[in-house]
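Please open the model in your viewer, with the sequence panel alongside, and keep a selection tool at hand. The tour goes from one selection to the next.

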Amino acid sequence: ASKKRDRNLDGGNKYYHSMAWRNLRVAYIRDHPLCERCLEKGIAKPGEEIHHLRPYMLGITEMDRWNLLLNPNNLIALCQDCHHEVHNKHIQKYLIE
């Protein structure tokens, strides 16, 4: 199944479409306009994706999931290349389980 379909099945859309998430995302990108992973390498590249270090769906309860989703300390701005690489290569520094 596609990621979009999986997200629909697990209820992920209610989180990502919530006003609280959309507002936090805008504020986070405003405050972190560059890819934080590229910056570690001395490269200035726009941060286009907001990545959850610990996936919010790992929360056991509904409250846990909302806390993981909306905790700014659980976020990092990544460019599309880094976001893709982090997920495909399961880079542990950026994926906490």
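Leaving aside its neighbours within four places in sequence, which residues is Leu24 in contact with? Bear in mind that this is a predicted model, then select Leu24 and display what surrounds it: with those sequence neighbours set aside, Leu24 is in contact with Leu69, Leu70, Pro72 and Leu75.

Next, select helix 3, residues 19–31, which has 13 residues and reaches 18 Å from its first C-alpha to its last, close to the 18 Å expected at 1.5 Å a residue. Within helix 3, colour Trp21, Leu24 and Tyr28, which are buried. These three residues lie on the same side of helix 3, because they cover an arc of only 65° around the axis. An α-helix has 3.6 residues a turn, so residues three or four places apart point the same way. Turn to the other side of helix 3, and you will find Val26 and Arg30, which are exposed.

Now select the largest nonpolar core, whose 10 residues are Tyr15, Trp21, Leu24, Tyr28, Ile50, Tyr56, Leu68, Leu69, Leu75 and Ala77. Helix 3, helix 5 and strand 2 each supply at least two residues of this core, and helix 3 gives the most to it, with 3 residues. A second, separate core of 8 residues can be picked out as well, and among its members are Cys35, Leu53, Cys79 and Val86.

If you select Ile50, its bridge partner in strand 2 is Ala77. Show the side chains of strand 2, residues 75–78, where Leu75 and Ala77 point one way and Ile76 and Leu78 the other way, although all of them are buried.

Finally, select Asn74, in the loop between helix 5 (62–70) and strand 2. Is Asn74 buried or exposed? Its relative accessibility is 7%, and Asn74 therefore counts as buried, the cut-off for that term being under 20% relative accessible area. Leaving aside neighbours within four places in sequence, Asn74 is in contact with His51, His52, Leu53, Arg54 and Leu68.

Conventions: Residues are numbered from 1 along each chain as its sequence is written. This is a predicted model: local features need pLDDT of at least 70, side-chain atom pairs count only at pLDDT 80 or more; totals for chains, interfaces and linings use all residues. Side-chain values use heavy atoms; hydrogens and water are left out. Buried means under 20% relative accessible area, exposed over 50%, partly exposed in between (1.4 Å probe, protein chains only). Helices (H or I, at least four residues) and strands (E, at least two) are DSSP runs, numbered from the N terminus. Two strands pair if DSSP finds at least two bridges between them. Contact means heavy atoms within 4.5 Å. The expected span of a helix is 1.5 Å times one less than its number of residues. The arc is that of the directions from the helix axis to the C-beta atoms. A nonpolar core is a set of buried Ala, Val, Leu, Ile, Met, Phe, Trp, Tyr and Cys residues joined through side-chain atoms within 4.5 Å.
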